[in-house]
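Subject: Handover of a structure

Dear colleague,

Please find below the structure that I am handing over to you.

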Amino acid sequence: MKANILFLTIFSWFLGFTFFTANADKLEHLRTSKKIVSVSHLPTSDDFAVQIIALKLPANEPGFFNNIENAREFTCSDGYVRYTVESFATYNEAKAMVDHYKELGYVQSFVVNCADYILDGSVKNRFDPNANYTVQLSAFRFPVYLSHFDGVDNVMEFYMKDRVYRYTVGSLKHEAAEVLLAELKKKGYKDAYITALDPYLPFQIE
């Protein structure tokens, strides 16, 4: 009798462990609160910022950005990956912050207009009426907690060949995706945009 109870106890523990393991967050050890946003679309008007550094290869760990919680990452056509902080309406507003970031250790800091960057690769604006589309909410150099996407359910996570984590929602035809995009922009996701889903699927993180 005792042996049966012991067996059932061990078996129940095993089932619980298996369930937990199967549903564990595979990226938990990598996730960070730092928002290093990989930019795919340039601003359409003046967007002044402080460029803190330009690298030949992307930074590979959150700790690289000491004292920085939020930055934008621009992979440019000249082979450099540029990182900027903050966003200002005027050059002088941005210039007033340069010394602050130099004091933090980013001695290469200077003012840039992000609208003048030339990104590596081109964005296709034509759409296929038979294809499936998704709305990309954001893209980050490091995986973030899914709770970051407040008010959005069923967020999909992808880790692409360029080592960028992309977060999207929906599998829709283009017309329906446009409706979803409008709803998400009202919720505050102003940088969201529509993209074809099929190229993303091989890189989905389950």
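What pattern does the protein chain follow when read along the sequence? The pattern is α-β-β-β-β-α-α-β-β-β-β-α-β, and the protein chain has 4 helices and 9 strands. Helices (H or I, at least four residues) and strands (E, at least two) are DSSP runs, numbered from the N terminus.

Please note that this is a predicted model, in which local features need pLDDT of at least 70 and side-chain atom pairs count only at pLDDT 80 or more, while totals for chains, interfaces and linings use all residues. Residues are numbered from 1 along each chain as its sequence is written, and side-chain values use heavy atoms, with hydrogens and water left out.

Burial and strand 6

Of the 206 residues of the protein chain, 38% count as buried. Buried means under 20% relative accessible area, exposed over 50%, and partly exposed in between (1.4 Å probe, protein chains only). Leu137 belongs to strand 6 and counts as buried because its relative accessibility is 5%. Its C-alpha atom is separated by 9.8 Å from that of Met156, 19 residues apart along the chain.

Two strands pair if DSSP finds at least two bridges between them. Strand 6 runs antiparallel to strand 9 (residues 193-196), and 4 bridges join them; here Val135 has Ile194 as its bridge partner. With strand 8 (residues 165-172), strand 6 pairs in the antiparallel sense over 6 bridges, and Tyr133 has Leu172 as its bridge partner there.

Arg31 sits in the loop between helix 1 (2-22) and strand 1. With a relative accessibility of 10%, Arg31 counts as buried. Arg31 and Phe142 are 111 residues apart in sequence, yet their C-alpha atoms are 6.8 Å apart in space.

Aromatic rings

How many aromatic pairs does the structure hold? There are 8 aromatic pairs. Rings of Phe, Tyr and Trp (its six-membered ring) pair if their centres lie within 6.5 Å; planes under 30 degrees apart count as stacked, over 60 as edge-to-face and the rest as tilted. The pair of Phe74 and Tyr117 is tilted, because the ring centres are 4.7 Å apart and the planes stand at 50°. Phe74 lies in strand 3 and Tyr117 in the loop between strand 5 (110-113) and strand 6, so this pair ties together parts that are 43 residues apart in sequence. Both Phe74 and Tyr117 are buried. Elsewhere, ring pairs link Phe64, Phe65 and Tyr83 into a cluster.

The second largest pocket

A pocket is an open set of points on a 1 Å grid over the protein atoms alone, where a 1.4 Å probe fits, with protein on both sides within 12 Å along at least five of seven lines; lining residues have an atom within 4 Å of a point. The second largest pocket holds about 760 Å³ of space, a volume being the space filled by probe spheres set on the points, which are joined across faces, edges and corners. Its lining has 28 residues, and Val37, Arg72, Ser138, Lys190 and Asp191 lie nearest its centre. Strand 6 supplies the largest share of the lining, 5 residues.

Yours sincerely
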